Amino acid sequence: MTSTSTLSSMRRLVEQLKLEASVERIKVSQAAAELQQYCLQNAGKDALLVGVPTGSNPFREPRSCSIGQDVVLVLGLDLGLD
Amino acid sequence: ILFIFEQYFCHIVLSPLIPEMATQEVQLNETLAHLKSESESLKSKLEEERAKLHDVELHQVAEKVEGLGQFVMKTRRTLKGHGNKVLCMDWCKDKRRIVSSSQDGKVIVWDAFTTNKEHAVTMPCTWVMACAYAPSGCAVACGGLDNKCSVYPLSLDKNENLAAKKKSVAMHTNYLSACSFTNSDMQILTSSGDGTCALWDVESGQLLQSFHGHAADVLCLDLAPSETGNTFVSGGCDKKANVWDMRSGQCIQSFETHESDINSVRYYPSGDAFASGSDDATCRLYDLRADREVAIYSKESIIFGVSSVDFSLSGRLLFGGYNDYTINVWDVLKGTRVSILFGHENRVSTLRVSPDGTAFSTGSWDHTLRIWA
């Protein structure tokens, strides 16, 4: 690598750093408060956090059996499907 | 051209033979030295400015928040069918289909409710490290050691050979590490071992924008939630996480606090922050408006790298897939671990929460995928 391309790389780095330095920032206390607020506002909809009423999480239902639910019930089988 | 600055300062040899050239060399060196000291002072100014606003820790702010109870999360489905390590997976927007890719070159589309395989494609290369579902649900993208990202339209006809309709979209000069459709089927964002990220038009294969700034392989990327505008974050082997403006190609913010490769980056659901997972065995949270790291999720007992991270719907939980075969679940606000999940028999290589947050899926080097809820 020649010295001139090193020079242009360095110039780009300095420009990039100037750009990053000019970013407008807020205090961590304010940023943290807003992150927290978002969590708390949306907690009710977060199924992995609070769970959902039984029966409405499709993954907590057993795999659909090709025989059909009705037959299983009639035979009184407890297949223990997770 | 890779940006490896430090090396070049020690090795500029003066030419002694031609006096003019010697003078020019001296001037060049002086300019370089000047630029170097300017960059050093800018870097320390950046740190100073960031430190001024560091008035409190996130977990201190969260002290008054109610702690989380016990979690009962377990494997609800196991998807078996890959012949080798699962490297990547992605959910379809319909919240039930999943695409996964493997070291054996296979890309499989599954119905996660029933565990049935709906489509399978064999790629011409092994180590398919990246795969993504199109927003419409009508196509998948994938790539890896072939240095490309290809799009396969999904056919309703199970007998149709998907490989016949394959479209090559992205071309990198090294492996494809990650890919993601933007908010339509029309554009794909890629990251590569060649140190760059790129935005492509799917129809024409044209390169729309390239993103230069990482000094080594880029391993991961994530698009900002659509409400927050046109940015994305990438993480790489240079230990940096960079935030990019998609239109200008400019790196707008950069974070370098990890001590090793960053394997995974994921935006917080509000778009105001992002999490990262690294080979240094930690996950970290960076707030974009405070422009700094605001939390580290780590424990002395956790010594294996994090391969993949994702947030629960509200952003309160951070799930991390680790190389020690476990999944650690973190309270994002308090910084504590709330659960550790066992089940995989080898490294967890990929982890994604479903679009409606009802479950999350993991892929592992044990050849399987698991759905947890």
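Tutor: Buried means under 20% relative accessible area. Keep in mind that this is a predicted model.

Student: What percentage of the residues in chain A is buried?

Tutor: Apply the cut-off of under 20% relative accessible area. Chain A has 82 residues. The buried share of them is 33%.

Student: What pattern does chain A follow along the sequence?

Tutor: Chain A has 0 strands. Its helices number 4. Read along the sequence, the pattern is α-α-α-α.

Student: How much of the accessible surface of chain A belongs to carbon and sulfur atoms?

Tutor: The accessible surface of chain A is about 5,100 Å². The share on carbon and sulfur atoms is 54%.

Student: How much area do chain A and chain B bury between them?

Tutor: The size of an interface is often given as the accessible area lost when the parts come together. Here the contact takes 49 residues from chain A and 73 residues from chain B. Carbon and sulfur atoms carry 70% of the buried area. Between them, the two chains bury about 5,500 Å².

Student: How many salt bridges are counted between chain A and chain B?

Tutor: Side chains of opposite charge can pair when their charged atoms come close. One salt bridge joins Lys18(A) to Glu38(B), at 3.5 Å from N to O. The count between chain A and chain B is 3.

Student: How many residue pairs are in polar contact across the interface of chain A and chain B? And which element gives the most to the side of chain A that touches chain B?

Tutor: The rule finds 12 residue pairs in polar contact, both residues at pLDDT 80 or more. On the chain A side, helices H1 (3-21), H2 (28-42) and H3 (47-50) each give two or more residues. With 16 residues, the element that gives the most is H1(A).

Student: How do the residues on that side of chain A divide?

Tutor: Sort them into nonpolar, polar and charged. The residues of the side of chain A that touches chain B come to 25 nonpolar, 10 polar and 14 charged.

Student: Where do Glu15(A) and Lys18(A) lie, and is Lys18(A) buried or exposed, or in between?

Tutor: Glu15(A) and Lys18(A) form a salt bridge, with the closest N and O atoms 3.8 Å apart. Both lie in helix H1 of chain A, 3 residues apart, about one turn of the helix. Glu15(A) is partly exposed at 49% relative accessibility. Lys18(A) has a relative accessible area of 37%, so it counts as partly exposed.

Student: In the salt bridge of Arg50(B) and Glu47(B), is Arg50(B) buried or exposed?

Tutor: The closest N and O atoms of this pair are 3.4 Å apart. Both residues lie in helix H2 (residues 19-52) of chain B, 3 residues apart. Glu47(B) is partly exposed at 46% relative accessibility. Arg50(B) is at 9% relative accessibility, so it counts as buried.

Student: Is Lys52(B) buried or exposed?

Tutor: Lys52(B) meets Glu49(B) in a salt bridge, 3.0 Å from N to O. The two are 3 residues apart in helix H2 of chain B, about one helical turn. Glu49(B) is partly exposed at 24% relative accessibility. Lys52(B) has a relative accessible area of 57%, so it is exposed.

Student: Which residues are linked with Asp90(B) in a network of salt bridges?

Tutor: Over all chains, the structure holds 20 salt bridges. The network links Asp90(B) with Asp222(B), Arg266(B), Asp310(B) and Arg352(B).

Conventions:
Residues are numbered from 1 along each chain as its sequence is written. Chains are lettered from A and ligands numbered from 1 in the order in which they are written. Side-chain values use heavy atoms; hydrogens and water are left out. Buried means under 20% relative accessible area, exposed over 50%, partly exposed in between (1.4 Å probe, protein chains only). Accessible areas come from the Shrake-Rupley method with a 1.4 Å probe; for residues, only the protein chains shown count as cover. Contact means heavy atoms within 4.5 Å. Buried area is the accessible area (1.4 Å probe) that two parts lose on being put together, summed over both. A salt bridge is a side-chain nitrogen of Lys or Arg within 4 Å of a carboxyl oxygen of Asp or Glu. A polar contact is a pair of N or O atoms within 3.5 Å; within protein, one must be able to donate a hydrogen and the other to accept it, and residues adjacent in sequence count only if both atoms are side-chain atoms. Ala, Val, Leu, Ile, Met, Phe, Trp, Tyr, Cys and Pro count as nonpolar, Asp, Glu, Lys and Arg as charged, and the others, Gly among them, as polar.
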